[in-house]
Amino acid sequence: MSHAVTAIHAASKPEFYASFNRQLEAVLHGERDWVCNLAQTSALLMQMLPDLNWAGFYLLRGGELVLGPFQGRIACMRIKVGAGVCGTAAAKQQSVVVSNVHDFPGHIACDSASNSEVVVPLLHHGRLLGVLDLDSPRLNRFDAEDARGLERSAAILLAASDIA
Ligand code: SME
C-alpha cells in the first residue's frame, strides 16, 4: 500500500517529531517485514527532515555494525563497536549527538559533505540490534531534542516490525 506524507510545519522540534512519528506509524502500519520497514524509515527520514545528506541504519551482525538500508551516498560497510560515532553509540547503547564531526576523535568520514551527526541505538527489549545514523552538511544540526524524537522513531520502527 502506498501512503501520502505531508510536509511538516512545526514551531518546535518536539512538535516536528510528534508529527513525523505519527506519519512514520501510519506509513509502517500493516507491514511487519523488518528490512522493508528499515528501508521505508530511512526514506521517510531523508524526505521529511531538512538538511540531511545521509539517513540510514547499521545492523549488529557477528559483533560488528554492518551497513543496512539507507538513503544517501555509498558509505563504509562495516564499523567496529566502539569506533566512530556509530560504534560509540552502539558501545554505550545511548544516543550520541555530534555538533561538529571534525572535532569527534575517531569520526569515520563516509561522505565529505557531513559536518554534524546524530546516532541513536536500536534497542529491542534491552538487546542492541544496530543504530540509526543521520548526517547533515550543517554544523550543529542536531541536539538532544532530535535525539529524543529519533529514539521515539526507533521505538516505533521496532514495535512495527518482526525482528529477523
Ligand atoms: N560517520 C559515521 C560513519 C557512518 S557514515 O556517517 C554514514 C561514524 O563516525 O560512525
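1. Does Cys110 count as buried, partly exposed or exposed, and what is its relative accessibility? Cys110 counts as partly exposed, at 33% relative accessibility. The classes are defined as follows: buried means under 20% relative accessible area, exposed means over 50%, and partly exposed lies in between (1.4 Å probe, protein chains only).

2. A remark on the basis of these values is in order. This is a predicted model, in which local features need pLDDT of at least 70 and side-chain atom pairs count only at pLDDT 80 or more, while totals for chains, interfaces and linings use all residues. Residues are numbered from 1 along each chain as its sequence is written, and side-chain values use heavy atoms, with hydrogens and water left out.

3. The structure holds one disulfide, a term that here denotes a pair of cysteine sulfur atoms within 2.5 Å. In general, a disulfide is a covalent bond between the sulfur atoms of two cysteines. In this model the disulfide joins Cys76 to Cys110, with an S to S distance of 2.4 Å. Cys76 lies in the loop between E2 and strand E3 (78-80), and Cys110 in the loop between strand E4 (96-98) and strand E5 (116-124), so the pair ties together parts that are 34 residues apart in sequence. Strands (E, at least two residues) are DSSP runs, numbered from the N terminus.

4. Cys86 is in no disulfide: the nearest cysteine sulfur belongs to Cys76 and is 7.4 Å away. Cys86 is buried, at 4% relative accessibility, whereas Cys36 is partly exposed, at 36%.

5. The structure also holds three aromatic pairs. Rings of Phe, Tyr and Trp (its six-membered ring) pair if their centres lie within 6.5 Å; planes under 30 degrees apart count as stacked, over 60 as edge-to-face and the rest as tilted. One of the pairs is that of Phe16 and Tyr17, which is edge-to-face, with 5.3 Å centre to centre and 80° between the planes. Phe16 is buried, with a relative accessible area of 12%, and Tyr17 is also buried, at 3%.

6. Trp54 and Phe70 form a stacked pair, with 5.0 Å centre to centre and 15° between the planes. This pair links distant parts of the chain: Trp54 is in strand E1 (residues 54-61) and Phe70 in strand E2 (residues 64-72), 16 residues apart. Trp54 is buried, at 4% relative accessible area, while Phe70 is partly exposed, at 25%. Together with Tyr58, Trp54 and Phe70 form one aromatic cluster.

Methods
Helix = DSSP H or I, 4+ residues; strand = E, 2+ residues; numbered from the N terminus.
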